[in-house]
Amino acid sequence: MPGQRWTKEAIESLIRQVVSDRKNLPDIYIPGKSQAAVNNQRRRLKEAQLLNGSFAGRRLRPWTICQLKKLEDLTMEYGLSADLIGQLQLIPGRSREAVSKMMGRHGLGNPDVKFRAQQAERIDQHRREDLRTFLLGEGRLMPSRDVAEQWCLAQKTVSRYRRRLGIALSWQQARSSDEFNRKRQEQAREFTRRTRDRWQIWRESLARRLERLRAEMQLRPAPPPTRVCTMCEKQWFASPEFYHVQKRRTGKRLKLSISRACRLCRSAHPLMHGLQIVNY
Ligand SMILES: [Zn+2]
């Protein structure tokens, strides 16, 4: 049975208790509402951005370095907007608002802002803390050159940070970091290999599908005209199942153009036909 609706007064009281009084869940009191109901309502208000960030909630997920790097590429290299990045979920799980906020924080998207940031050669507070955590933790043995590349910093800056944190790499550590590097490269190669395998399996299944479909269509009383692929020279049917069809509107006329290479051949070079998103 649903509880009583939230009145305007109850909601205002909740906002006041969270934002002004900074109360935690057990201390919040709304007449007639259970703690679970209060918790749910608080989450909804947070999602509607009515709590001025007073209550971060448990859903807060800090951005990873990879996500930041990807955001940097998407905005600076490809010039994509926060809107598009959010809408296409190019950084999974990050909304337009989150992307936009992060772009602002890192001076991305606007070349002037980016230029000023570079000139200043300063890392903002937020990033500085991330870098510190990274250098003390998982990046402990990573060569400064690699850290610099990953964080878009000068190598000198990284070395300076290390000295300041009292964790400059010793000769032995530098040597063992070669080991670390080798492992990392191995992992990268393994990833590429796995991806290629998966891609191959997918293509083989597509080939089987197309051949089955062609056999089916050949038995039809009036099959569509055939078309030979300019790449593999296989004979398919001139239909969207086998060839990519592009629709273009010029004025009032709709122009259809059919690809010269079949879907299978096009899929062999997927990155030629679309935006290449760099994976980290
Ligand atoms: Zn082909």
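A residue is called buried if 20 or more other C-beta atoms lie within 10 Å of its own, exposed if 12 or fewer do, and partly exposed in between, with C-beta atoms placed from the backbone. By this count Arg-22 is exposed, because it has 10 C-beta neighbours inside 10 Å. The structure discussed here is a predicted model, in which local features need pLDDT of at least 70 and side-chain atom pairs count only at pLDDT 80 or more, while totals for chains, interfaces and linings use all residues. Residues are numbered from 1 along each chain as its sequence is written.

The overall picture comes first. The chain contains 11 helices and four strands, where helices (H or I, at least four residues) and strands (E, at least two) are DSSP runs, numbered from the N terminus. Of the 280 residues in the chain, 12% are buried. Contacts (C-beta atoms, placed from the backbone, within 7 Å) were also sorted by separation in sequence: among those between residues at least 6 apart, 45% join residues at least 24 apart.

Arg-22 itself sits in the loop between helix 1 and helix 2 (35-47). Its phi is near 50°, a positive value in a residue other than glycine. Helix 1 (residues 8-20) holds Ile-11, which is counted as partly exposed because 15 C-beta neighbours lie inside 10 Å. Ile-11 and Leu-45 are 34 residues apart in sequence, and their C-alpha atoms are 8.8 Å apart in space.

Attention now turns to the nonpolar cores, each a set of buried Ala, Val, Leu, Ile, Met, Phe, Trp, Tyr and Cys residues joined through C-beta atoms within 7 Å. The largest has 10 residues, namely Leu-68, Leu-71, Leu-74, Ala-82, Ile-85, Ile-91, Val-99, Met-102, Met-103 and Leu-108. Helix 3 (65-77), helix 4 (82-87) and helix 5 (96-105) are the elements that each give two or more residues to this core. Leaving aside residues up to four places away in sequence, Ile-85 touches Leu-74, Leu-80, Leu-90, Ile-91 and Val-99. Another core, of seven residues, lies apart from the largest one and includes Val-147, Trp-151, Val-158 and Tyr-161.

Helix 8 (residues 144-151) and helix 9 (residues 155-165) pack at an angle of about 115°, and their axes are 8 Å apart; axes are lines fitted to C-alpha atoms, for helices over the stretch in contact, and angles run from 0 to 180 degrees between N-to-C directions. On the helix 8 side Ser-144, Arg-145, Val-147 and Ala-148 take part, meeting Gln-155, Val-158, Ser-159 and Arg-162 of helix 9.

Strand 3 (residues 243-250) and strand 4 form an antiparallel pair over seven bridges, pairing being assigned if DSSP finds at least two bridges between two strands. Within this pair, Val-245 stands opposite Ile-258 in strand 4. Two residues lie between the strands of the hairpin, where Gly-251 takes a positive phi near 65°. Strand 4 (residues 253-262) is hardly covered, with one buried residue among its 10.

A further loop, between strand 1 (226-228) and strand 2 (235-237), contains Glu-233. Here too a residue other than glycine has a positive phi, near 60° for Glu-233. Glu-233 counts as exposed because it has 9 C-beta neighbours inside 10 Å.

How values were computed:
Two residues are in contact if their C-beta atoms, placed from the backbone, lie within 7 Å.
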